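Please look over the sequence and the model below. A short report follows, under plain headings.

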Amino acid sequence: MVIEKSFVSEEILTLTSEHLDACANLLVQVFNKEPWNESWSFDSARTLLWEIFHTPGFVGFVFCDRKKLLQVDSKMLQAGQELLGFIAGYSEQSCNYRRFFLREICVRSDRQRQGIGKKLLRHLVETLSTMDINLIYLLTMKDGELKKFYTKNGFLDSPHMMLMLQQI
Ligand SMILES: CC(C)(COP(=O)(O)OP(=O)(O)OC[C@H]1O[C@@H](n2cnc3c(N)ncnc32)[C@H](O)[C@@H]1OP(=O)(O)O)[C@@H](O)C(=O)NCCC(=O)NCCS
């Protein structure tokens, strides 16, 4: 006899190579929309994430929703784990400390502004603080609302550094 039980059980797991495809799909879905309107393909997103994942000092987490359990003849089987978000980056050596470059954070569009990004960031910060890493930096959109998300979560404008570009 098969009985389907639905419930929501959120969990934050270490991002492994098995998550790369799902994270790439999520990245395409999120960053090809407002406010970024970028043009990611699955392949370019997968390559970006593969590169981040293979950088020394990589740390990443996924936020999953385990939605359904199937009960088959009194045995519980897990059915379907949905990826709702991820966070990824790597630590780098500085002169006398290690810092962390937060490369990507992304939450599925229909689940944004429900606290998932905050939970992912908090989990990352807690993990990094046990690794003796006490500075996180990131690049984000200059104007727009995203800054609010980061300042709400403890980030400040850098008093010393700016981003410079040269088109070649
Ligand atoms: C940015 C992002 C990771 C935040 O995660 P989230 O789960 O949506 O955020 P939380 O629910 O934890 O926090 C939301 C709070 O952040 C602030 N915020 C401001 N602008 C925001 C925005 N565009 N999106 C989400 N939060 C925003 C608000 O204060 C908001 O609280 P409110 O909904 O009560 O106003 C997620 O929205 C996302 O994936 N956005 C698209 C991809 C992206 O921009 N990634 C960052 C690249 S640098």
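## Loops and backbone

P35 sits in the loop between α1 and α2. The peptide bond joining E34 and P35 is cis, with omega about 0°. This model is predicted.

Two residues other than glycine have positive phi. R113 has phi near 60°. It belongs to the loop between β4 and α3. R113 counts as exposed because it has 9 C-beta neighbours inside 10 Å, and the cut-off for exposed is 12 or fewer. D132 has phi of about 65° and lies in the loop between α3 and β5. D132 is exposed too, because 9 other C-beta atoms lie within 10 Å.

## Overall layout

The protein chain holds four helices and five strands. Along the sequence, the order is β-α-α-β-β-β-α-β-α. The chain has 168 residues, and 20% of them are buried.

Among contacts with a separation of 6 or more, 63% link residues 24 or more positions apart.

## Strand pairing

β4 pairs with β5 (residues 133-137). The sense is parallel, over three bridges. R98 stands opposite I133 in β5. From β4 the chain crosses through α3 to β5, and this β-α-β crossover is right-handed.

## Nonpolar core

How many residues form the largest nonpolar core? There are 27. C23, L27, F86, I87 and L120 have the most contacts inside it. Two or more residues come from each of α1 (20-31), α2 (42-53), β2 (58-72), β3 (75-93), β4 and α3. α1 gives the most, with six residues.

I87 shows the contacts in detail. Leaving out residues up to four places away in sequence, I87 touches G60, F61, I105, L120, L121 and L124. In soluble globular proteins, nonpolar side chains tend to be buried together.

## Ligand shell

Which residues are closest to the ligand? They are Q112, G117, K118, E145 and F149, out of 17 that surround it. By class, the shell has seven nonpolar, five polar and five charged residues.

β4 (98-107), α3 (116-129) and α4 (146-152) each supply at least two residues of this shell. The largest share comes from α4, with four residues.

Terms used:
Residues numbered from 1 in each chain as written. Predicted model: local features only at pLDDT ≥ 70, side-chain atom pairs only at ≥ 80, totals over all residues. Near = placed C-beta within 6 Å. Nonpolar A, V, L, I, M, F, W, Y, C, P; charged D, E, K, R; others polar. Contact = placed C-beta atoms within 7 Å. Pairing = 2+ DSSP bridges. Right-handed = clockwise from strand over helix to strand, strands pointing away. Core = buried A, V, L, I, M, F, W, Y, C linked by C-beta atoms within 7 Å.
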